[in-house]
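We will go stop by stop.

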Amino acid sequence: MKKSLLFLICCTFCIGSLFSQKKMPQKKMPQKQVAKKQMPQKQKLYSAPCTTLRDELKSPTAAVDTTPGRNIANNYAMWDNATELTVKFMNAGSQFMRERVIQYSKEWEQYANIKFKFVPDNTPVTNLRVLLGESYGHNSYVGSDANQAPQSKQTLNFDTLAFVSYDYYIAEMKKRGIKPNMVDLKKMVTTEAVVWNNREMRGTILHEFGHALGLMHEQSYPGAINWNTDTVYTYYKKYQGWDKRKVDHNVLKVANQFYTNGTSYDPKSIMHYSVDAFLTKDGYSLPANYDLSAGDKALISALYPKDRTISALEVPKVTISNFQKLDVENNSTRQGISMYPTFDLKTNSKLGEVYVVAMLVDEN
Ligand SMILES: [Zn+2]
C-alpha cells in the first residue's frame, strides 16, 4: 500500500440531541372520505405539483427536491426570528405577476415575525430570488437552505403558465373548434389578454413562500396517508416524468415525528398536496388548498413568534462558512495523523453537539 494518502475530507456537522418540544394545540384527524376513482386515462392539460429545490437548480427546468429527511417544518433551516429577508426578481416576469408575488407572499407576515423586503433586480446579494417563467415548475429551497444557492441562481421558481385560467382557455378552444392543447393555449396567452386563475396563483405563492420560511409538505406527516404506492409511482411517472426517487421524496416520504413540531396532521394546510382517491389504499382524497389554514398560522407563529425573541421550537444550529485550509500532520503519540481544518462556525443559543467526520481515501 502506498504511503501517501489522498484525503477526502467530509465534515458533517450533526446536532446531538433533539429536545422535548412544546405541544401545539391538537386538532382532530379528518374523517377519511371513501370515494373510488380511477386514474384518469388522459393527461390533464396541465399538472405541476410543487417540488422543493436544493442544489439541483442547474437548469431552470430542474424541479427536484433533494433535501433529505426533513419535513413539516425543517427546524434546522429556520431563519433567525425577526429577520428581514431580502427578495429580488431574476430579471423576468411581468409587473402584474411581480405585484401578485409581493402581495400574496406578504400574507405570511401577518403571522410570522419575518419580513420579506423586495429589492431591485440589480441588488447583488439577497436572501431569496424569484424566477418567474414558463414550464419551470413551482419550487423553492426550504428555509435557510437557500443560503446554499449561488447569488446567480433563483431560490424560488414560479411557472406563470400554470396561473392562467385553464377552464377559460379550454372553453375558448372548444368554442373555436380547437381540441384543447398546450401549444394553442400558449399562443392565446401571448397574443390575447390573459385570463388568470387568481386562486391558483395565490395558493401557489403562499405554498412556495411557506417552503421559503422552512415549511415542508404536510402529506409527509407520519401516518397521514395510506398511499397506493404502485399507483403513485405510475401516476407521477406518466404525468410528471418523475422517477421513483423523486416520487419518494416529494410524495411518499414520511417525516420523522420530530419535525411535526407537536402539531396534528392538518389536511387543510397550504403545504398539503391535493390527493386523488385512486392514489390511496383506503380511497382517502383531499381537494387542493388555497388558503393558510389555522394550523399553518399557528405553526408559523410558533416558529417565528412576535411576542418573544427566540422560538420555543428553536433547535441547536451551526453554520459553517469560510472553509479555508486543512493542515495534516503526523502524530507519533497517536500513531497516526492529526488534521486541523480552518473555518468559521456560527452557533445559536441552543446547546448541541458538533461532530466532525473525516473520510480518508487511499489513492488506490
Ligand atoms: Zn411544495
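Start with the largest nonpolar core, which has 61 residues. A nonpolar core is a set of buried Ala, Val, Leu, Ile, Met, Phe, Trp, Tyr and Cys residues joined through C-beta atoms within 7 Å. Buried means that 20 or more other C-beta atoms lie within 10 Å of the residue's own; exposed means 12 or fewer, and partly exposed is in between, with C-beta atoms placed from the backbone. Select Val130, Leu213 and Ile300: of the core residues, they touch the most other members.

This is a predicted model: local features need pLDDT of at least 70, side-chain atom pairs count only at pLDDT 80 or more, and totals for chains, interfaces and linings use all residues. Residues are numbered from 1 along each chain as its sequence is written.

Next, colour α4 (198–212), which gives the most to this core, with 5 residues. Helices (H or I, at least four residues) and strands (E, at least two) are DSSP runs, numbered from the N terminus.

Now zoom in on Ile300. Which residues is Ile300 in contact with, leaving aside neighbours within four places in sequence? They are Trp108, Tyr111, Ala112 and Leu213. Contact means that the C-beta atoms, placed from the backbone, lie within 7 Å.

Move to helix α5 (residues 229–240) and helix α6 (residues 244–252). Their axes come within 10 Å and cross at roughly 110°. That makes α5 roughly perpendicular to α6 (65 to 115 degrees; under 35 is roughly parallel, over 145 roughly antiparallel, the rest oblique). Axes are lines fitted to C-alpha atoms, for helices over the stretch in contact, and angles run from 0 to 180 degrees between N-to-C directions. Select Thr229, Val232, Tyr233 and Tyr236 of α5, then Lys244, Val247, Val251 and Leu252 of α6: these make the contact.

Go to Asn226, in the loop between α4 and α5. Asn226 is partly exposed, with 13 other C-beta atoms within 10 Å.

Finish with two backbone angles. Most residues other than glycine have a negative phi. Select Asn261, in the loop between α6 and α7 (294–303). Its phi is near 55°, a positive value. Then pick Gln335, between β9 (326–331) and β10 (336–341). Phi of Gln335 is near 55°. Buried or exposed? Asn261 counts as buried, with 20 C-beta neighbours inside 10 Å. Gln335 is exposed, with 7 other C-beta atoms within 10 Å.

Terms used:
Contact = placed C-beta atoms within 7 Å.
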